[in-house]
Amino acid sequence: MEIIQVKNLSHIYKSSSGDKVALDGVSFSIADGEFVAIIGTNGSGKSTLAKHFNALLLPTDGKIFVDGLDTSDEKNLWHVRENVGMVFQNPDSEIVAAIVEDDVAFGLENLGIAPEKIRERVDLALDDVNMSDYKNFAPSKLSGGQKQRIAIAGVIAMQTKIIVFDEPTAMLDPQGRREVLEMVKRLHAQGKTIIYITHFMEEAAAAQRVFVMEGGRIILDGTPREIFTNVKEMKRLGFDVPVAVEIAERLRRKGFKLPQKILTAEELSEALR
Ligand code: ADP
Ligand code: MG
């Protein structure tokens with residue numbers, strides 16, 4: 001079943017200095033439970049697209065349906081927001097409370113859920129992100145990676161079907177990035193639909209499907225293998241490729257006979273053996 005349908009979606013930011021077309025006739029569908037990564041250069045429209053999934057922005061033209069509901073119809077707003085969790089880039093700007101468990105509970109309190117239900121869901125969510133021990137901590141005492149896990153716990157507690165991540169690891173160190181990506185994979189395995197914007201190609205390679213954006217359009221849509229093993233095209237578009245793809249390509253140039261479709265470190269070491 002298709003949980004998201006986007007039809008000819010355009011978004012124009014209007015300002016006194018002129019109009020900016022940020023999305024230019026984008027169409028696609030995402031299946032329930034799918035894990036989609038979005039990559040694209042700065043200003044290609046990724047964040048603008050992300051904000052359409054939960055109706056933070058509405059289309060200037062075209063339509064987006066979430067769980068079958070038109071996001072631009074005001075009576076659907078509640079259901080859309082209930083079904084789409086968002087995790088953004090800056091963990092500090094996402095923290096709203098002075099104590100971890102209050103922060104995780106924040107979204108639920110706004111949904112009007114009973115206090116004992118809230119406590120139960122918060123405990124489970126903190127457990128899910130391995131942050132139970134920090135329940136009574138001040139978020140300001142946590143590392144960037146831990147803060148992002150708290151933000152993710154907040155979304156888990158909301159029990160949304162869809163989670164949209166907009167460069168959640170951009171401000172994290174490698175350890176924090178690994179922690180967040182592990183969480184994302186786990187949420188996908190639990191059946192969530194994941195939309196994951198990143199400029200780390202290794203992270204995008206963990207998805208089932210990759211969109212490449214440029215100039216407000218989706219110019220490529222394929223599996224990570226289809227997208228990233230086309231090294232020439234990726235380089236032409238100004239992207240890196242995952243390390244294993246890069247190394248395989250260099251070895252091929254040195255005369256090694258390696259399959260064209262190598263994507264991961266495991267596949268590379270297997271082929272070299
Ligand atoms: P990305 O997330 O891929 O970097 P954005 O969706 O943030 O891209 O931006 C797409 C384009 O829209 C860029 O040219 C950006 O400058 C412009 N833009 C983004 N937000 C606004 C805004 N609030 N007002 C005007 N222009 C904007
Ligand atoms: Mg952005």
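## Helix contact, pockets and sheet in a predicted model

Student: In this predicted model, is the crossing of H4 and H6 right-handed or left-handed?

Tutor: Take the predicted model's helix H4, residues 100–111, and helix H6, residues 144–158. Their axes come within 9 Å and cross at roughly 30 degrees. The crossing of H4 and H6 is right-handed.

Student: Which class has eight residues in the contact of H4 with H6?

Tutor: H4 brings Val100, Asp103, Val104, Gly107, Leu108 and Leu111 to the contact. H6 brings Ile150, Ala153, Gly154, Ala157 and Met158. Two of the contact residues are polar and one is charged. The class with eight is nonpolar.

Student: Which residues are the closest to the centre of the largest pocket?

Tutor: The largest pocket has a volume of about 630 Å³. It is lined by 22 residues. The closest to its centre are Met86, Phe106, Gly107, Val155 and Met158.

Student: Which element gives the largest share of the lining of the largest pocket?

Tutor: Elements giving two or more residues are helix H2 (77–83), strand E6 (84–87), H4 and H6. The largest share is six residues. That share comes from H4.

Student: How many charged residues are in the lining of the second largest pocket?

Tutor: This pocket holds about 240 Å³ of space. Its lining includes Arg177, Arg178, Glu182 and Lys185, along with Pro174 and Leu181. Glu202, Glu203, Phe200 and Ala206 also line the pocket. By class, the lining has four nonpolar residues, no polar ones, and a charged count of six.

Student: Which helix supplies the largest share of the lining of the second largest pocket?

Tutor: Two helices each supply at least two residues: H7 (174–189) and H8 (201–204). The largest share is six residues. The helix that supplies it is H7.

Student: Which are the edge strands of the open sheet?

Tutor: Four strands form the sheet, with antiparallel pairing. Their order is E2-E1-E4-E5. An edge strand here pairs on one side only. The edge strands are E2 (20–31) and E5 (69–70).

Student: What is the bridge partner of Val6 in E4?

Tutor: Strand E1, residues 2–13, and strand E4, residues 61–66, run antiparallel. Five bridges join them. In E4, the partner of Val6 is Ile64.

Terms used:
Residues numbered from 1 in each chain as written. Chains lettered and ligands numbered in written order. Predicted model: local features only at pLDDT ≥ 70, side-chain atom pairs only at ≥ 80, totals over all residues. Heavy atoms only, no water. Axes fitted to C-alpha atoms, helices over the stretch in contact; angles between N-to-C directions. Left-handed = near helix turned anticlockwise from the far one by under 90°. Contact = heavy atoms within 4.5 Å. Nonpolar A, V, L, I, M, F, W, Y, C, P; charged D, E, K, R; others polar. 1 Å grid on protein atoms, 1.4 Å probe; cavity = no way out; pocket = protein on both sides within 12 Å on 5 of 7 lines; lining within 4 Å. Points joined across faces, edges and corners; volume = space filled by probe spheres on them. Pairing = 2+ DSSP bridges.
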